[in-house]
Amino acid sequence: MTDLASTLEIFREAAARSDDTNVPDDQALIELRKSGLLATAVPVDYGGNGADTVELNELVSKVAEVNPSMAIIMFQHFAVCARINEWGSPEQKELWLPSMATGDTLGASAWSETGAGAAKKNLATSAERIEDGRWLLNGAKSFTTGAGVADLYLVLVGTSAGAEQAQDTKNVYGSAGQTFFLVRKENEGLIANLGLELAGMRGSATGFVSLQDCVVADDDRLGPVGHAPAIIAGVRQSGATLGAVSVGVAKAAMDVALAHFTKTGALEAPTVRHRVTELSVQVEAARAIVHLAGTRRGEDPGAVTLRSKLFASVTAEHVCFEVARMLGSAAYLVNHQLNRLISDARAVALMGPTNELCRELVSASWVS
């Protein structure tokens with residue numbers, strides 16, 4: 001395990017390079033794998049750190065302060081680790097979790113696809129069971145973070161089997177009859193493509209994953225057939241929240257403002273100090289709700305997780321834009337760090353569950 005401060009500095013330097021190239025930085029990815037950070041969400045019994053969700057969210061925020069793209073890659077890895085730990089068979093846990101702790105296996109989620117909608121209810125990607133008991137996967141996933149750099153993909157597909165046993169999914173993420181599979185990068189028929197030119201999170205390896213007659217064993221199925229909606233519903237109960245990324249982005253924008261105003265002497269003016277203070281209060285409020293989500297102590301932990309993502313991502317965008325207004329022409333340069341942060345902040349709002357879907361899921365219980 002390397003020193004966290006050294007790792008963060010490598011990530012910081014990589015952020016600017018990826019902003020120019022729109023590809024994940026090789027040095028940052030190597031550092032992520034060897035740093036020991038990927039063990040955070042893996043239980044101690046499988047060689048991990050066994051950190052709780054509060055610690056996980058705090059780590060994601062720290063990384064996001066210097067490199068939001070690496071924070072997103074790391075967050076998705078943690079999510080796959082958690083799903084395997086919660087729903088995996090003993091054999092799947094033994095197979096994957098130790099290598100996910102060491103960094104030899106990097107996990108990614110492949111859920112989104114064109115036309116599926118924010119709630120992933122209309123999947124075109126399918127899995128058909130073939131005569132020997134294996135599954136044949138076909139379809140295409142878009143906006144997959146970690147595409148091409150991950151070793152293991154948690155893929156959401158539609159399966160005709162299992163729909164009749166699945167719970168009512170009217171007001172949840174996903175739809176009856178959907179199933180998760182763990183697909184290795186070397187599986188024949190899995191093709192990753194970094195063909196997306198992103199405005200933000202340009203080092204996150206976000207692209208396409210296509211499945212062309214991709215055959216997987218039934219042992220690679222995660223959870224019961226048709227049970228994906230229940231697995232997804234449990235994600236927000238964990239308290240792990242993308243709001244942690246937004247907190248890091250907002251804190252980075254605050255650091256930009258304070259560095260600029262300190263250098264120019266503008267902090268001598270009470271009006272400037274007071275405006276910065278107001279923004280700092282909003283950042284700390286976002287940090288507080290993300291912390292609350294991690295504790296899972298609210299009356300409805302799932303709703304708190306959704307609210308934390310919504311509030312923190314909206315706050316990050318607001319703080320970034322307010323800092324830009326305060327800096328004026330000083331920040332109106334293509335390569336200014338603040339412009340990268342603005343685009344990164346916007347990206348979190350669009351990530352699943354999107355902010356619009358968060359609003360719908362939180363409000364679903366209020367209507368018949």
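**A loop and its salt bridges**

Author: Asp-220 is buried, at 9% relative accessibility. Buried means under 20% relative accessible area, exposed over 50%, and partly exposed in between (1.4 Å probe, protein chains only). The model is predicted, so local features need pLDDT of at least 70 and side-chain atom pairs pLDDT 80 or more, while totals for chains, interfaces and linings use all residues. Numbering runs from 1 along each chain as its sequence is written, and side-chain values use heavy atoms, without hydrogens or water.

Asp-220 makes a salt bridge with Arg-184, 3.0 Å from N to O. That term needs a side-chain nitrogen of Lys or Arg within 4 Å of a carboxyl oxygen of Asp or Glu. Asp-220 sits in the loop between S7 and S8, and Arg-184 in strand S5, so the pair joins parts 36 residues apart in sequence. Strands (E, at least two residues) are DSSP runs, numbered from the N terminus.

Asp-218 pairs with Arg-129 in a salt bridge, with 3.3 Å between the closest N and O atoms. Asp-218 is in the loop between strand S7 (207-216) and strand S8 (221-222) and Arg-129 is in strand S2, so this pair ties parts 89 residues apart in sequence. Arg-129 is partly exposed, at 47%.

Now the wider count. The structure has 20 salt bridges by this rule. Among them is a network linking Asp-19, Glu-197 and Arg-202.

Note on methods
Helices (H or I, at least four residues) and strands (E, at least two) are DSSP runs, numbered from the N terminus.
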